[in-house]
Amino acid sequence: MSQSSWDKILGDDSPHTGGRHISTTEILDRGRVAFDRSHWGEAFAQLSAADRDTALAPEDLERLAVAAHLVGEDEASAATWERAHRQLLDRGEVVAAVRSAFWLTFGLLNRGEMARAGGWLARGQRLLDDHQLDCVERGYLLLPVATRTMKSGDPWSAYDTFGRAAEVGVRFGEPDLVTLGRLGQGTSLVRVGRTAEGLTLLDEAMIAVVTEEVSAVVAGKVYCGVILACQEVFDLRRAHEWAAA
């Protein structure tokens with residue numbers, strides 16, 4: 001999107017439009033509010049503007065990375081997750097840094113950047129191993145492993161790995177992880193021809209979306225995955241029903 005388009009989102013009183021001067025703190029607050037309200041375009045514009053004036057803290061970098069992803073600014077999202085990761089490591093927050101590495105890996109895999117994604121996945125796993133951490137992030141890091149296994153043509157092994165990820169999510173009470181695990185398991189079963197069982201798991205994943213139990217990024221991933229699976233098995237009725245929901 002062009003700068004003029006983002007200026008319109010920022011509003012007439014933004015520093016970029018020649019109106020009254022507003023502080024970086026006010027711009028940042030606007031970005032946080034827009035993020036909380038799921039106004040992704042405005043959140044991206046406001047947080048980006050604040051970041052141009054002063055380097056954002058990791059918590060706000062995470063918001064900016066998510067907003068960038070949701071408005072299709074994938075490279076900006078990746079660069080922002082990298083910054084958040086480095087800052088969190090500098091603060092000694094290893095678990096949060098690994099979470100940033102996961103979301104970076106997640107985005108890179110979706111874009112087909114397998115080598116770069118593999119490097120970030122390896123870094124996240126090494127950090128957890130070096131610090132001997134038992135945390136929900138171990139489950140998240142199983143998801144890219146399962147995805148690569150699926151892409152290599154071994155859906156049964158992928159099914160098992162997705163299942164292990166979902167179990168970690170259940171143990172730590174993490175709906176995003178459980179739902180992504182169920183999505184992967186359902187997709188794996190569809191790929192091996194166990195369509196009815198697979199679609200049941202995909203329906204379960206979609207329930208978490210329509211009841212707003214998961215984050216916006218996960219909701220988008222699950223919705224796209226379920227619709228694609230329905231198209232693969234020509235279940236247009238199910239696709240239309242979930243699209244309406």
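**Reading a predicted helical model: a guided dialogue**

Mentor: E212 has its place in the loop between α11 (195–210) and α12. Please keep in mind throughout that this is a predicted model.

Trainee: What is the phi of E212?

Mentor: The phi of E212 is near 60°, which is a positive value in a residue other than glycine.

Trainee: Is E212 buried or exposed?

Mentor: The residue is judged by its relative accessible area, and a value over 50% counts as exposed. E212 has 70% relative accessibility, so it counts as exposed.

Trainee: Where is Q132, and what is its phi?

Mentor: Q132 is found in the loop between α7 and α8 (136–151). Its phi is positive, at about 50°, although Q132 is not a glycine. With a relative accessible area of 73%, Q132 is exposed.

Trainee: Let us turn to the packing of helices. At what angle do α6 and α7 pack, and how far apart are their axes?

Mentor: Two values are read together here, an angle and a distance between axes. Helix α6 (residues 94–110) and helix α7 (residues 114–130) pack at an angle of about 160°, and their axes are 9 Å apart. Since an angle over 145 degrees counts as roughly antiparallel, α6 is therefore roughly antiparallel to α7. The crossing of these two helices is left-handed.

Trainee: Which residues make the contact between α6 and α7?

Mentor: On the α6 side they are V94, V98, A101, L104, T105, L108 and L109. On the α7 side they are M114, R116, A117, W120, L121, G124, L127 and L128. Sorted by class, this contact has 12 nonpolar, 2 polar and 1 charged residues.

Trainee: How do the axes of α6 and helix α12 cross?

Mentor: The axes of α6 and helix α12 (residues 216–232) cross at roughly 30° and come within 13 Å. Angles under 35 degrees count as roughly parallel, and α6 and α12 are therefore roughly parallel to each other. Their crossing is left-handed. The contact is formed by W103, F106 and N110 of α6 together with V217, V218 and K221 of α12. By class, it has 4 nonpolar, 1 polar and 1 charged residues.

Trainee: Which residues does A78 touch?

Mentor: A78 also lies in helix α5, and it is buried, with a relative accessible area of 4%. Beyond its neighbours up to four places away in sequence, A78 touches L104, R111 and R116. A78 and G220 are 142 residues apart in sequence and 17 Å apart in space, from C-alpha to C-alpha.

Trainee: Which residues does R182 touch?

Mentor: R182 lies in helix α10 (residues 175–191). Not counting residues up to four places away in sequence, R182 touches A166, V170, L201, E204 and A205. R182 and G31 are 151 residues apart along the chain, and 32 Å separates their C-alpha atoms.

Trainee: A last topic is the cysteines. How many disulfides does the structure hold?

Mentor: A disulfide is a covalent bond between the sulfur atoms of two cysteines. The structure holds 0 disulfides. C230 is in no disulfide, and the nearest cysteine sulfur, that of C224, is 12 Å away. For comparison, a disulfide requires cysteine sulfur atoms within 2.5 Å.

Trainee: Are C230 and C135 buried or exposed?

Mentor: C230 counts as buried, at 0% relative accessibility. C135 is buried as well, with a relative accessible area of 9%.

How values were computed:
Residues are numbered from 1 along each chain as its sequence is written. This is a predicted model: local features need pLDDT of at least 70, side-chain atom pairs count only at pLDDT 80 or more; totals for chains, interfaces and linings use all residues. Side-chain values use heavy atoms; hydrogens and water are left out. Axes are lines fitted to C-alpha atoms, for helices over the stretch in contact, and angles run from 0 to 180 degrees between N-to-C directions. Helices (H or I, at least four residues) and strands (E, at least two) are DSSP runs, numbered from the N terminus. Angles under 35 degrees count as roughly parallel, over 145 as roughly antiparallel, 65 to 115 as roughly perpendicular and the rest as oblique. A crossing is left-handed if the near helix is turned anticlockwise from the far one by less than a right angle, and right-handed if clockwise. Contact means heavy atoms within 4.5 Å. Ala, Val, Leu, Ile, Met, Phe, Trp, Tyr, Cys and Pro count as nonpolar, Asp, Glu, Lys and Arg as charged, and the others, Gly among them, as polar. Buried means under 20% relative accessible area, exposed over 50%, partly exposed in between (1.4 Å probe, protein chains only).
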